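Please open the structure in your viewer and keep the selection tool at hand.

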Amino acid sequence: QPTADDMMKISNCDLFVYVGGESDEWVDDALSDAQNKDMKVINLMDVLGDSAKVEELKEGMQGEDEEEHDDDHEEGEEEYDEHVWLSVKNAMVLCTEIEKNIEAIDPDNAADYKANLESYTAKLSDLDNSFQKLVDGSSVKTLVFGDRFPFRYFVDDYGLDYYAAFIGCSAETEASFETIAFLSDKVNKLDSDTIFTLENSNKSIAETIISTSGKNVDIAELNSLQSISKDDIADGASYLSLMQKNYDVLAGVLK
């Protein structure tokens with residue numbers, strides 16, 4: 001939730017960018033009270049339009065507590081997967097929209113913004129091509145996650161399949177016996193050498209899956225870019241550097 005200081009900054013900003021999923025339901029109230037009536041607003045999921053994906057409760061996944069789920073969502077209401085940034089292809093689309101709005105705010109420097117976008121998009125395109133070549137050259141086409149799974153956009157981009165303990169936005173922390181057993185069985189049937197977790201995971205679910213499977217399986221960590229701190233950014237962390245690290249991790253698995 002935004003602090004009072006956050007709300008003041010939003011109220012006076014020139015450009016406000018937000019993801020647009022259910023986690024951002026507070027935004028409507030924040031924008032209705034904005035002091036800057038010329039503010040430009042970008043809802044990233046609106047920019048993606050039909051490319052935005054509905055959350056997928058895949059076979060073997062543990063669903064949210066039914067009572068909590070019914071309290072939070074109307075029956076039949078679709079929930080969209082908010083992790084749009086984990087697609088490098090999406091990033092190119094979203095950067096283009098952001099640049100267009102910045103250019104409109106500051107037309108005197110439009111040439112610089114255009115040049116920066118062109119340079120940055122080229123880097124994103126190179127990374128996108130690297131991911132595709134990695135997947136195309138690998139016999140491994142299915143990832144097993146002993147964790148939440150926010151990488152739906154990513155795997156769809158490159159034709160990968162997956163199995164996971166929870167959906168990407170799940171608040172669950174303990175996996176059921178059925179989920180553990182299902183994923184352990186998948187590890188054996190797929191002859192998986194690696195189970196994935198997210199950054200900051202305690203890895204307990206992945207370790208239980210490995211123990212149950214009876215196989216000697218490695219644990220690899222992918223970064224969902226959801227917990228990057230100011231210190232990380234000061235130390236040079238960026239979208240490109242962190243997605244490159246994800247590439248490096250996958251390169252060790254998709255042999």
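A residue is called buried when its relative accessible area is under 20%, exposed when that area is over 50%, and partly exposed in between. Please bear in mind throughout that this is a predicted model.

**Stop 1: Ser213**

Select Ser213, which is found in helix H9. Is Ser213 buried or exposed? Its relative accessibility is 10%, and Ser213 therefore counts as buried. Leaving out residues up to four places away in sequence, Ser213 touches Ser184, Val187 and Asn188.

**Stop 2: helices H8 and H9**

Now select residues 177-189, which form helix H8, together with residues 204-213, which form helix H9. Two packed helices are described by the angle between their axes and by the distance between those axes. For H8 and H9 the angle is about 60° and the axes are 8 Å apart. The two helices are therefore oblique to each other, and their crossing is right-handed. To see the contact itself, display the side chains of Ile180, Leu183, Ser184, Val187 and Asn188 on H8, and those of Ile205, Thr208, Ile209, Thr212 and Ser213 on H9. These contact residues comprise five nonpolar, five polar and no charged.

**Stop 3: helix H6**

Move to residues 110-136, the 27 residues of helix H6. How far apart are the end C-alpha atoms of H6? They are 38 Å apart, which agrees with the 39 Å that the helix should span at 1.5 Å a residue. Next, colour the buried residues of H6: Ala110, Leu117, Leu124, Leu127, Asp128, Phe131, Leu134 and Val135. Against which helices do the buried residues of H6 pack? Their partners are helix H5 (88-105), helix H7 (152-158) and helix H11 (239-251).

**Stop 4: helices H6 and H11**

On H6 the contact involves Tyr120, Lys123, Leu124, Leu127, Ser130, Phe131 and Leu134. On H11 it involves Tyr239, Leu240, Met243, Gln244, Asn246, Tyr247, Leu250 and Ala251. The residues of this contact divide into eleven nonpolar, three polar and one charged.

**Stop 5: two loop residues with positive phi**

Most residues other than glycine have a negative phi. Select Asn200, in the loop between strand S5 (194-198) and H9. Its phi is near 70°, a positive value in a residue other than glycine. Asn200 is exposed, because its relative accessible area is 66%. Then select Leu225, in the loop between strand S6 (218-222) and helix H10 (230-234). Phi of Leu225 is also positive, near 65°. Is Leu225 buried or exposed? At 16% relative accessibility, Leu225 counts as buried.

**Stop 6: Val17**

Finally, select Val17 in strand S1, which covers residues 15-18. Val17 has a relative accessibility of 34% and therefore counts as partly exposed. Which residues is Val17 in contact with, leaving aside its neighbours within four places in sequence? They are Ile42, Leu44 and Ile98. As a last exercise, draw a line from the C-alpha atom of Val17 to that of Asn129. These two residues are 112 residues apart along the chain, and their C-alpha atoms are separated by 27 Å.

Methods:
Residues numbered from 1 in each chain as written. Predicted model: local features only at pLDDT ≥ 70, side-chain atom pairs only at ≥ 80, totals over all residues. Heavy atoms only, no water. Helix = DSSP H or I, 4+ residues; strand = E, 2+ residues; numbered from the N terminus. Expected span 1.5 Å × (residues − 1). Buried < 20%, exposed > 50% of the residue type's maximum accessible area, 1.4 Å probe, protein only. Contact = heavy atoms within 4.5 Å. Axes fitted to C-alpha atoms, helices over the stretch in contact; angles between N-to-C directions. Parallel < 35°, antiparallel > 145°, perpendicular 65-115°, else oblique. Left-handed = near helix turned anticlockwise from the far one by under 90°. Nonpolar A, V, L, I, M, F, W, Y, C, P; charged D, E, K, R; others polar.
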